[in-house]
Amino acid sequence: MTQFQTVYIFPTIPDSLKFLDELSRNLWWSWQRDAVELFRRIDPLLWRNSYRNPIYFSTLIPQDRLLELSRDESFLAHQARVKARYEAMIQSAPETSAPVFGENETVAYFSMEFGIHESLPLFAGGLGILAGDHLKSASDMKIPLTGVGLFYRQGYFHQYLDYDGYQQESYPRTDMYSIPLEHALDTDDNEVRISVEGPEGIIHAVVWKLKVGRIPLYLLDTNIRDNPPEIRDITSSLYTGDQKKRLAQEVLLGIGGMRALTAMGIHPTVCHLNEGHCSFAGIERLAFFMSHYHMDIKTALEVVPRSTIFTTHTPVAAGHDEFPAYLVKPYLVPLQEKLQTSAEEMISWGQPITATPEQPFSMFVLGQRMAQFCNGVSRLHGKVARRMWTHIWPQVLESDIPITHITNGVHIPTWISNENALLFERYIGPEWHMNLQNPAVLKRFDHIYDEELWRAHVMNRSRLVRVCREMMKAQYQRRHAPMSKMKDAESVLDQDILTIAFARRFASYKRAYLILQDPERFEAILNSEKHPVQFVFSGKAHPRDTEGKDLIKRLLEFARKPNVRRRIVFLEDYDIHIARHLVQGADVWLNTPRRPFEACGTSGIKAAMNGVLNVSIMDGWWDEGYSPDSGWQIGDGFDYTDPGYQDLLDSRSLYSVLENEVIPCFYDRDKGGIPMEWIRMMKSSMKMAMQHFSSQRMVSDYHERFYIPGAKQTLVLMENDAEMSKQLSARRARLQSCWKQIHIMAPVVMNPKKYYRIGDAFRVTAAVHLGVLTPEEVNVELCMGIPRTIDELDSVQADIMTVSSDLGDGQYLYACTTTCSISGRLAFTARVMPHGDDWIKFTPGLITWA
């Protein structure tokens, strides 16, 4: 059958319940506790069996039940309450603290994946969940933002384990009729279709729209009849292993995504690229500025990067996408005329300046080349990224590499448990999660009675145990296990003992094996008669990661031992639904990555804000969030070059922390059976996570540090027919053509002493030859720091030197006075860099050292 038509039949909704249909088609409901409860109370069992998908759920509701609800005053009052909140959200004016964003202006947020709810399988892991939380907080905060991604018909793989415990994958197709998609429309109300020229022919894509509260999310889809089968398949699944298909996806996301926005009359003032997958958007944005504002490529290259943010999430160079230049070139050749430059020149934008033409095309390099604002996702990750990418900026000090950090955060209403949310509403107020930067609001957490908080937590743990039993039974049924195994599944875990969760991707650097390093010691912890412990594991290995799959199998083999099989469970097919129960119901969240390979690790934040205490390596967000009042650290924070030795030390530290600190603290109860010290730490953990690691704080940081400055720069750069942009372009060209004339002599201390003391000052001079450049065009700086090697400095302090005298013929004597502020052996030198903002100052190749 090649041609057939389908129909989708829904029950007839009574007039008094019409709002339910509107609500189900905006994902705002997914983070509104009252809205979720509205759907659930229609039929709790049916709601669960429909996987909490309100559109699919609506096809299962009997017509008689809808008629009954249409006359139920209690239900109608509940619906009216949700409707009032919904309309207040939709109809309220946008955030006004940034008048640089006009009525139709927006931030375009590009991401390869979006994790908004488990019923929408457009994500693989943390990157997508982070993107979903970003959209939700932007909606809550009324920030003008537009999401751009791809629609995957098969999403990411579903995991199941065979009888031997080895991971298998399935790729079920998503029923797009059970997702609240609608066709995106252009300015003439026609369905939007875009095309991108590729090596196998033209790639056509339809554009879908999803409503995420106030935020529109546009998704490109190649599965249409206009395309041959191989092109239809481009958006079939997420993170394909086929390099050509992966490149086609990233071209479609970046170039096609920008074209989709243009077709809808959306011209973003600022673009935010969430990881390198999106970097081609910068190239298409150049083409838009050139055609729309009639500027040349050099001028456009001054505008586009100054209004682009590039966020990198990967602390390992091998984790960044690279493609052979010959695969990339066919996508760029059709753009040559638009961009008035060659495909070879465009390819060079994705290569370090020291690269040869044959070197791979890096999506990271292209992303940072198109973005002035570049950031990692935690303080430690920012430091790692600067070290990892020093070769992109030759001769620039590692500490000066223009990569900063904004630590990730999580969306509190999405991840907080119902029991905790009710407590916080009672003690703090109905909009408690919107005011957590206020210390007075945070102090109210201390007013919550210990007994109430503990009761809420015990309910969350009991729910987790029930869900684990249900899932284990379903897993055994799928494997056709004997009845004895089915009976075991109904009694795994205990609702009253210390429960530790480990849930994340099963990659080797996550080191799930660390707890298995000493099996006998681990068994003793699990089976203690006085203080027993139980573990819940969950997570997927990449389909091609045999090491990760072997690790899951090894864990399952241990868990099947007769003396521990009721103390350890592994939940298959880790997703948002499982994660929600784990971060709400566990007592301890265990994280054992190989430092510093965890960029952030937001699952631990979700746990912390629910009062689940972290036991973690000092990596990612925990390197910032840890304090002895809020959880425990594994290891001493040092990184050893021998992985085996590092594993040995960290595993011993893990066992010691559990045995001597965590377990005794949990079981130290007062006469009422309440662990007072544990509850004190729970409150501290909640306050720490909510104040410093919410997505509201994260989006606010992006808004204030990047979005608003980027939008302001765009306004200035485009004034008077982009006159400022043209001047910057001419200035850059002049600097690049004349820079080789610059020479700087070694700095000289005037009237040197044998030694100095703190508070002493000394004057330093340096002779500089600028050639045809003037002192106003450069910065000459004295750099003083601690010598790391013969040619490297740590903890560098840079002081501006000024012209002391003009020596003629482009020669100048620069000088400055510096004060000794720290003791020890210091070294100093001098450098010349361009004067201006970071986009000029850190132009690769424009730096000269003495």
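Predicted model: local features only at pLDDT ≥ 70, side-chain atom pairs only at ≥ 80, totals over all residues.
Biologist: Of the contacts between residues at least 6 apart in sequence, what percentage joins residues at least 24 apart?

Modeller: The C-alpha atoms fill a box of roughly 90 × 70 × 50 Å along the principal axes. Within the chain, take the contacts between residues at least 6 apart in sequence; the part joining residues at least 24 apart is 73%.

Biologist: On to the aromatics: are the rings of F288 and Y293 stacked or edge-to-face?

Modeller: A search of the whole structure turns up 38 aromatic pairs. In the pair of F288 and Y293, the ring centres are 6.2 Å apart and the planes stand at 90°. Planes over 60 degrees apart fall in one class, so F288 and Y293 are edge-to-face.

Biologist: Which of those two is buried and which is partly exposed?

Modeller: Y293 has a relative accessible area of 34%, so Y293 is partly exposed. F288 comes in at 12%, under the 20% cut-off. The buried one is F288.

Biologist: How many residues apart in sequence are the parts that F522 and F535 tie together?

Modeller: F522 and F535 pair edge-to-face, 5.1 Å centre to centre with 90° between the planes, and both are buried. Ring pairs also link them into a cluster with F502, F506, F537, F558 and F570. F522 lies in helix α22 and F535 in strand β16, so the pair ties together parts whose separation in sequence is 13 residues.

Biologist: Charges over rings next: which residue lies over the face of F157?

Modeller: There's an arginine case, with the charged end of R25 over the ring of F10, 5.8 Å from its centre. Over F157, at 5.0 Å from the ring centre, you'll find K540.

Biologist: Why is helix α24 largely enclosed by the rest of the structure, and which residue caps its N-terminal end?

Modeller: Ten of the ten residues of α24 (residues 576–585) are buried, so the helix is largely enclosed. At the N-terminal end, a side-chain oxygen lies 3.1 Å from the backbone nitrogen of H577, and the capping residue is D575.

Biologist: Where is T59, and how far is it from P11 in space?

Modeller: T59 is found in helix α4 (residues 54–60). A polar atom of its side chain lies 2.6 Å from the backbone oxygen of Y56, and T59 touches Y8, I9, F10 and P11. T59 and P11 are 48 residues apart in sequence, while their C-alpha distance is 6.3 Å.

Biologist: Last one: which residues does G836 contact, leaving aside neighbours within four places in sequence?

Modeller: G836 sits in the loop between β27 and α30, and at 33% relative accessibility G836 is partly exposed. K671 is 67 Å away from G836, C-alpha to C-alpha. Beyond those sequence neighbours, the contacts of G836 are R731 and K841.

Terms used:
Residues numbered from 1 in each chain as written. Heavy atoms only, no water. Phe/Tyr/Trp six-rings, centres within 6.5 Å; stacked < 30°, edge-to-face > 60°. Buried < 20%, exposed > 50% of the residue type's maximum accessible area, 1.4 Å probe, protein only. Helix = DSSP H or I, 4+ residues; strand = E, 2+ residues; numbered from the N terminus. Lys NZ or Arg CZ within 6 Å of the ring centre and 35° of its normal. Polar contact = N/O pair within 3.5 Å; in protein donor to acceptor, adjacent residues only side chain to side chain. Contact = heavy atoms within 4.5 Å.
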